[in-house]
Amino acid sequence: MNALSSEALAAALSQTQSPLLLDVRRAAARTRSGFQIPGAVWRDPALWLDWKDQMATSGPVVLYCAHGQEISQALTTALQVLGADAKYLQGGFEAWTAGGGASEPVATTA
């Protein structure tokens with residue numbers, strides 16, 4: 001299955017070898033929110049061709065966008081085609097926070 005529930009992601013993140021967590025929300029949505037799932041790395045979905053090859057060999061990867069629809073699902077499929085062990089978060093960041101998932105302020109660049 002390509003999708004993980006918020007509960008399954010929380011369990012995976014508590015493991016010693018947790019998956020790489022990619023925040024693939026559009027820059028405007030990420031900035032508007034001001035928060036991310038702790039430990040997430042932001043990758044601009046518009047520039048996925050620039051970073052896709054790094055993900056194919058990085059081990060398990062979980063992607064999330066704002067609502068867990070087009071962006072994270074499409075990028076998950078693309079990364080799987082390249083050989084990555086990729087999944088997406090069902091319902092995205094919205095479902096994560098609605099379910100009480102932890103969040104932290106996004107890093108700002110100076």
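Two residues are in contact when heavy atoms lie within 4.5 Å. With that rule in this predicted model, Q36 touches D23, R25, R30, Y64, F93, A102, S103, E104, P105 and V106, leaving aside residues up to four places away in sequence.

Q: Why is Q36 called buried?
A: Buried means under 20% relative accessible area. Q36 has 6%, so Q36 counts as buried. This residue lies in strand β3, residues 35-36.

Q: What makes the pair Q36 and R30 a polar contact?
A: The cut-off for such a pair of N or O atoms is within 3.5 Å. The side chains of Q36 and R30 make their polar contact at 3.0 Å, which is within that cut-off.

Q: How do you know that β5 pairs with β2?
A: Pairing takes at least two bridges between the strands. Strand β2 (residues 20-23) and β5 have four bridges, in the parallel sense, so they pair by that rule. Here L21 stands opposite V62.

Q: What makes β5 and β6 a pair as well?
A: The rule again asks for at least two bridges, and three join β5 to β6 (residues 86-89), also in parallel. V62 stands opposite K87 in β6. From β5 the chain crosses through α4 to β6, in a right-handed β-α-β crossover.

Q: Why do side chains of a strand point to two faces?
A: In a regular strand, side chains alternate between the two faces of the sheet. In β5, V61 and L63 are buried on one side, and V62 and Y64 are buried on the other.

Notes: Residues numbered from 1 in each chain as written. Predicted model: local features only at pLDDT ≥ 70, side-chain atom pairs only at ≥ 80, totals over all residues. Heavy atoms only, no water. Helix = DSSP H or I, 4+ residues; strand = E, 2+ residues; numbered from the N terminus. Buried < 20%, exposed > 50% of the residue type's maximum accessible area, 1.4 Å probe, protein only. Polar contact = N/O pair within 3.5 Å; in protein donor to acceptor, adjacent residues only side chain to side chain. Right-handed = clockwise from strand over helix to strand, strands pointing away.
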